[in-house]
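Hi everyone, thanks for coming. Let's take a few minutes to look around a structure that may be new to you.

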Amino acid sequence: MSGAVKFKNNVKISERHGGGEWLAERVLLTALLPLGLWVASTGFTLAGAAYDAVLDWFANPLNAGLLAVTAVLLFGYLSLAWKVILEDYVPQAGARKALTGLLNLVFFVLAAASLFFIVRLALGSAPLPAGFGA
Amino acid sequence: MTQPNPTPGVASGDRTGRFVVQPNGHKTPLSPHMGIWRWHVTMAASILFRATLIAASVGLVFIVAWLGALAFGPEAYETALALAGSPLGLFVGFGLTAVLFSFILNGARHTINDTGNGLTIKSATALSNIAVWAPVPLAILFWVVLFAVGRVSL
């Protein structure tokens, strides 16, 4: 522990980074609530829709943009949420760090894949694997 | 990162013998042991929010797969649509909507409580009851309407 322990209203305040993470969790969750409602309405619109209808939906930049924002915020939030869960239930520091890192990697890959697919669909690119050797 | 251990303290009103002096000088009772903790819906809501986020992490793999199928063209999308329309696919779809409504309602409860509001026993219980129970009827309504308007069929 570095530095003097500080108190605010007799409650110990975070010494390093805990406060920032708490605030990030709150901001992300607050932003995700209206986006969640939008996802529900989107799910209703696109459930069982034909391929062309879905591509038309993606051709609207507002739809594609909101979906991309939702993906990034949601995977970021889940990364923080899993960190909290692992901190509560995995007491071994090594295993906890390994699991946190692994899940961060998984969420990063999922977010990157989502953005890649969303951008291609929004631009109306030819179906994959066009541009990747086919 | 070693925390000083709470030391046993004597505080007036300590009828349990379990009061401890926290590192900041506060005298607080030790948290009750799991075995004597009374079940309450606020606890269920808190646990279910974590369960929702874990389920959402799994469910998002299906959503990313749906995006991938779209990006791989009409044939891949038809395959994905057929899988989603199968009984197991519809079951997963129902789960995804239940998780989404749980995320919205329980997330709203969490956000309200985080701002320091809705923390009286009555309001905390009411918010938790909504967050715990409402996602299921909402998800059922979602799918009943989808079937009723013919957007989805078996």
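Where in chain B is the place of Leu138(B)? Leu138(B) sits in helix H5 of chain B, residues 135–148; helices (H or I, at least four residues) and strands (E, at least two) are DSSP runs, numbered from the N terminus.

Before going on, a word on what you are seeing: this is a predicted model, where local features need pLDDT of at least 70, side-chain atom pairs count only at pLDDT 80 or more, and totals for chains, interfaces and linings use all residues. Residues are numbered from 1 along each chain as its sequence is written, chains are lettered from A and ligands numbered from 1 in the order in which they are written, and side-chain values use heavy atoms, with hydrogens and water left out.

Back to Leu138(B). With a relative accessible area of 33%, Leu138(B) is partly exposed, because that word covers what lies between buried (under 20%) and exposed (over 50%), with a 1.4 Å probe and protein chains only. Leu138(B), Leu141(B), Val145(B) and Val149(B) make a nonpolar surface patch of about 310 Å². Patch residues have over 30% relative accessible area and no salt bridge, and nonpolar side chains are joined within 5 Å.

Now, chain A. Its elements run β-β-α-α-α-α from the N terminus on, giving four helices and two strands. Of its 134 residues, 34% count as buried.

On a 1 Å grid over the protein atoms alone, a cavity is a set of points where a 1.4 Å probe fits but cannot get out, and a pocket is an open set with protein on both sides within 12 Å along at least five of seven lines; lining residues have an atom within 4 Å of a point.

How many cavities of 30 Å³ or more does a search of the whole structure find? The search finds one, and the volume of the largest cavity is about 50 Å³. Its lining draws on both chains, including Tyr51(A), Arg120(A), Leu70(B) and Ala71(B). Helix H4 (93–123) of chain A and helix H1 (41–71) of chain B are the elements giving two or more residues to that lining.

The largest pocket has a volume of about 1,400 Å³. Of the 50 residues lining this pocket, Phe62(B), Ile63(B), Trp66(B), Gly93(B) and Leu96(B) are the closest to its centre. H3(B) gives the largest share of the pocket lining, ten residues.

Methods:
Patch = residues over 30% accessible without salt bridge, like charges linked within 9 Å, V, L, I, M, F, W, Y side chains within 5 Å. Areas by Shrake-Rupley, 256 points an atom, 1.4 Å probe, with all protein chains shown as cover. Salt bridge = Lys/Arg side-chain N within 4 Å of Asp/Glu carboxyl O. Points joined across faces, edges and corners; volume = space filled by probe spheres on them.
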